[in-house]
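Work through the exercises below with the model open. Try each task before reading its solution.

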Amino acid sequence: MSLVRRQFLSRAAVAGSVLAAPMVANAQSARFNWKMTSAYGKGSPFYMDGPGSATDLAKRIREMSDGRLNIQVFGAGELIPAFEGFDAVRAGTVEMNHANAYFWTGKTAAAQYFTAVPFGMNFQGMNGWFYDGGGIDLWNEVYAPFGMVAMPCGNTGVQMTGWFKKEIKTVADLKGLKMRIPGLAGKVYANLGVDVKVLPGGEIFPALERGVIDAAEFVGPFQDRRLGLQKAAKYYYTTGWHEASTVSELLINKAAWDKLPADLKAIVSNASAACNVISEAWCQKANSEAMDDLVKNQGVIARPLPDDVIKALKTETNKVLTEAIKDPLTKKVHDSYFAFKSKYDRWTEVSEEAYHLKVRG
Ligand code: CA
């Protein structure tokens, strides 16, 4: 390096440090006290409590930022009712909400795709789409008119089809059933004659036990057992056609987000990605144990839905999606999702899926 260049760089460094120092000092000393609400009750495993939960996310952010971003976490009903997170973040009443985007399909239909699409992608495929296939950018585009940004912060992995008081032998058995099921899957069931209800987690057990509903889906063996659903219905239909993986959403008020310095933004994004992985890992362990217990000790009959019922659900899903993409923004998200999925499907057929079906034994 020439002497002139060295002197220039040295002067630039000095000038830079002098100019930048006060700004850096201000940005790094600023403290933020935020509120995060949840659609799930205080103490709910996975969502509110345990590895990768909302509480864990806030703790990681607090530790990584040395307390500069302090997030107070509220379960459903503590500050606002379960499903009012979208409006609260939009209004800036709270800075963050932890829930699932498909609760907001009444606000913007495209939100469905950021949680789970019936017969859609599993955990690995969703992450591929989010982080490397433009999924998160589209999510932010969908929420831009509402002044919010979002990112994945958890995943349950594949959910279970759910609990039914009576055995489902044919498509006709679905007719007239009152079932708790949110999102697009509810529309699919409705096409087959199901009377669809959307209830927060905490209301599912009493409704199922009293016969207010005849069937319910919630999450998977661990969370379902905690609600006691096995005491209200014995048929547990397995592999969830409706939620091949269910993404938790970290929803953030954009004006508040824009006030964070770059390092705190990076901390939030990285803590959220960590919780995305860690929460899913916890589900693998918790569900393996809980499923064994439900079947071996609690008399639960766990089985897949009959093939002809799956086939009918798939046919209705295609009709519901065809209707959904009449909305141009939904179509844009749908096209991106399914373009990614079709490549991912071909890849997983010769990789993960082939391993499970043909190699593992
Ligand atoms: Ca569910």
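## Exercise 1: the calcium site

The donors of the calcium ion are spaced along the chain as Q-x57-E-F-x24-E. This is a predicted model, where local features need pLDDT of at least 70, side-chain atom pairs count only at pLDDT 80 or more, and totals for chains, interfaces and linings use all residues. Residues are numbered from 1 along each chain as its sequence is written, and side-chain values use heavy atoms, with hydrogens and water left out.

**Task.** Find which loops hold Glu217 and Glu243.

**Solution.**
1. Glu217 sits in the loop between strand E8 (215-216) and helix H8 (221-227), and Glu243 in the loop between strand E9 (235-239) and strand E10 (247-253), so the pair ties together parts 26 residues apart in sequence. Helices (H or I, at least four residues) and strands (E, at least two) are DSSP runs, numbered from the N terminus.
2. Glu217 is buried, at 0% relative accessible area. Glu243 is buried too, at 1%. Buried means under 20% relative accessible area, exposed over 50%, partly exposed in between (1.4 Å probe, protein chains only).

## Exercise 2: Arg225

**Task.** Find which side chain makes a polar contact with the side chain of Arg225.

**Solution.**
1. Locate Arg225 in helix H8.
2. Check its burial: 18% relative accessibility counts as buried.
3. The partner is the side chain of Glu289, at 3.1 Å. A polar contact is a pair of N or O atoms within 3.5 Å; within protein, one must be able to donate a hydrogen and the other to accept it, and residues adjacent in sequence count only if both atoms are side-chain atoms.

Notes: Donors = N, O, S within 2.8 Å, 3.2 Å for Na, K, Ca; no water.
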